Amino acid sequence: MKLYTFTASSPSLALQKAQKACGEEALVISTKQIQKKSLLSEGLYEVVVALHDKPNKLTKKIKPKPKLKSEDVLVNISKTAKQISKIENLSSQSLDVLKTKTKTKEPSQFKEIQKNLDQLNDKIKTLQNIIWNDTQHQRGELIIPPEFAQIYKITKDSAISQTHLRDIMKLSVENMPSYMRNSSKTIKRYFQVLLKKMIPSRVESPIEVGEKRVMMFVGPTGVGKTTTLAKIAARFSFLKHKNKVGIITLDTYRIGAVEQLFQYAKMMKLPLQDVTDKADFSKALNSLSYCDLILIDTVGSSQFDKEKISKIAHFLKDSKIKIDVNLVLSASTKLEDLQDIYKNFSFLNIDTLIITKMDETKKFGNIFSLIYDSQKPVSYFSIGQEVPDDLLVANSDFLVKCILDGYKGALDANPSR
Ligand SMILES: Nc1nc2c(ncn2[C@@H]2O[C@H](COP(=O)(O)OP(=O)(O)O)[C@@H](O)[C@H]2O)c(=O)[nH]1
Ligand SMILES: [Mg+2]
């Protein structure tokens with residue numbers, strides 16, 4: 001017995017080929033689909049037939065076929081038909097499934113498909129992110145589910161404190177509803193809300209009639225106290241509000257310091273008083289009592305120079321008016337130093353934080369951690385050297401966006417100044 005194989009685009013064509021070549025007495029051994037039909041190519045079916053005759057039977061295929069009795073033909077056809085119908089059935093079943101799928105997957109179904117694809121993409125992203133550098137051990141005992149990998153990485157890279165990162169992850173792992181975990185968008189949204197709720201901010205309010213506001217700017221040297229003071233002076237005197245603004249400076253020792261402020265005051269036509277001792281300070285406050293807002297600049301001090309910081313405390317002590325103490329911090333300072341600065345300035349009773357040089361860094365987790373630990377509201381973000389333009393009224397949304405979307409993304413989403 002010899003086996004012969006024939007292929008064609010349909011089972012019946014393959015069989016016809018086989019019968020033409022081997023005669024109708026050839027026994028069909030198997031029929032199968034060897035290539036699926038696609039948009040670009042026909043399907044391919046294979047029929048294997050067996051011949052009892054000698055090997056040269058096939059070569060004699062041209063000779064006239066022996067006439068089959070009608071009963072034999074019927075038997076042969078039905079046998080083959082059974083085999084073919086098996087395959088046809090199989091292929092038509094899959095075709096039907098395909099047809100019904102495409103028929104019912106009209107517009108609304110496409111959305112479903114799109115959604116599934118999005119989820120698949122998300123999962124791929126997650127898998128990519130799962131190949132992170134640090135081990136589970138370094139992440140502590142907390143097991144981060146794969147769907148949080150991306151957000152974990154972004155938050156960790158932001159220089160946020162390790163403890164805060166763990167707390168945030170733990171909270172999210174425990175509380176995020178399962179339906180939000182399917183997409184990176186909803187996971188991010190959840191994080192955004194969570195981080196926003198963790199830090200306070202103080203929205204700038206207009207000065208009420210009869211209200212007197214006094215703001216003092218303290219902090220390390222070169223963080224931008226004087227520049228920020230000038231920006232706020234411009235905001236309240238002409239840019240956003242129409243208040244009477246006066247300036248006092250306690251930074252009289254440094255060469256050029258008074259001159260810098262004097263230039264700003266002159267440009268904005270604002271009164272400026274320079275003060276060296278406490279008696280002068282009281283006099284200056286009195287003489288500017290007609291102003292709605294008094295801004296006080298101070299000498300910058302290293303966080304470790306307790307003596308200089310105490311001098312500022314001396315001015316604040318026994319003050320008859322409430323002075324809002326604003327600690328000015330640069331966003332480009334690392335968390336450990338920010339914590340030292342806050343700790344050493346905190347005996348001045350810090351009311352508010354101002355964050356400068358947001359434009360000079362790509363990491364904002366350090367600032368987030370400091371605000372979260374201190375729970376002091378942020379009032380302004382300084383975003384450049386330009387006076388008065390480069391100042392943003394603080395909102396926690398902006399800082400959280402800086403962490404999750406980067407500085408540029410946050411700025412694009414918050415163009416108002
Ligand atoms: N890039 C950038 N530079 C700033 C910002 N704020 C202040 N500066 C610059 O930092 C330097 C020190 O600012 P200054 O106000 O004199 O700091 P101070 O010593 O704290 O009073 C100056 O060159 C400012 O122009 C800011 O938000 N971004
Ligand atoms: Mg200064």
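This is a chat about a predicted model of a protein with a ligand.

Visitor: Hi! How many helices and strands does the protein have?
Guide: Hello! This predicted model has 13 helices and 11 strands.

Visitor: And what percentage of the residues count as buried?
Guide: Of the protein's 417 residues, 31% count as buried.

Visitor: What share of the contacts comes from residues 24 or more positions apart?
Guide: Taking the contacts with a separation of 6 or more, 72% are between residues 24 or more positions apart.

Visitor: Okay, on to the ligand. Which residues come nearest to ligand 1?
Guide: There are 17 residues around ligand 1, and those that come nearest are Gly 224, Lys 225, Thr 226, Thr 227 and Ser 382.

Visitor: Which helix gives the most to that shell?
Guide: That's helix 7, residues 225-239, which contributes three residues.

Visitor: How do the shell residues divide into nonpolar, polar and charged?
Guide: Around ligand 1 you'll find 10 polar residues, five charged ones and two nonpolar ones.

Visitor: Let's go inside. How many residues are in the largest nonpolar core?
Guide: That core has 78 residues. Ala 233, Leu 295, Ile 355 and Leu 399 have the most contacts inside it. Helix 13, residues 396-413, supplies the largest share of this core, with seven residues.

Visitor: Which domains does the core draw on?
Guide: It takes at least three residues from each of domain 2 (109-198) and domain 3 (213-413).

Visitor: You mentioned Ile 355. What is Ile 355 in contact with?
Guide: Setting aside neighbours within four places in sequence, Ile 355 is in contact with Leu 329, Ala 331, Ile 367, Val 378 and Phe 381. There is also a second, separate core of 10 residues, with Leu 15, Ala 18, Val 28 and Val 47 among them.

Visitor: New topic: which residues of helix 4 are buried?
Guide: In helix 4, residues 149-157, the buried ones are Ala 149, Ile 151, Tyr 152 and Thr 155.

Visitor: Why do they line one face of the helix?
Guide: Look down the axis of helix 4: the buried residues fall within an arc of 165°, so they line one face.

Visitor: What comes just after helix 4?
Guide: Ala 159 is found there, with a positive phi of about 70°. Most residues other than glycine have a negative phi.

Visitor: Where is Lys 357, and what is its phi?
Guide: Lys 357 sits in the loop between strand 9 (352-356) and helix 12 (365-374). Its phi is near 55°, a positive value.

Visitor: Is Lys 357 buried or exposed?
Guide: Lys 357 is buried, because 21 other C-beta atoms lie within 10 Å, and the cut-off for buried is 20 or more.

Visitor: And Gln 375, buried or exposed?
Guide: Gln 375 counts as exposed, because it has 9 C-beta neighbours inside 10 Å. Gln 375 is in the loop between helix 12 and strand 10, and its phi is near 55°, again a positive value.

Visitor: Which residues does a cis peptide bond join?
Guide: Val 387 and Pro 388, with omega about 5°. Most peptide bonds are trans. Pro 388 lies in the loop between strand 10 (378-382) and strand 11 (391-393).

Visitor: Last one: where is Lys 36?
Guide: Lys 36 is in the loop between strand 2 (27-35) and strand 3 (44-51). Lys 36 is exposed, with 12 other C-beta atoms within 10 Å. From C-alpha to C-alpha, Lys 36 and Ser 9 are 10.0 Å apart in space, and they are 27 residues apart in sequence.

Notes: Residues are numbered from 1 along each chain as its sequence is written. Chains are lettered from A and ligands numbered from 1 in the order in which they are written. This is a predicted model: local features need pLDDT of at least 70, side-chain atom pairs count only at pLDDT 80 or more; totals for chains, interfaces and linings use all residues. A residue is near a molecule or strand if its C-beta atom, placed from the backbone, lies within 6 Å of it. Helices (H or I, at least four residues) and strands (E, at least two) are DSSP runs, numbered from the N terminus. Ala, Val, Leu, Ile, Met, Phe, Trp, Tyr, Cys and Pro count as nonpolar, Asp, Glu, Lys and Arg as charged, and the others, Gly among them, as polar. Two residues are in contact if their C-beta atoms, placed from the backbone, lie within 7 Å. A nonpolar core is a set of buried Ala, Val, Leu, Ile, Met, Phe, Trp, Tyr and Cys residues joined through C-beta atoms within 7 Å. Domain bounds come from an automatic or database domain assignment. The arc is that of the directions from the helix axis to the C-beta atoms.
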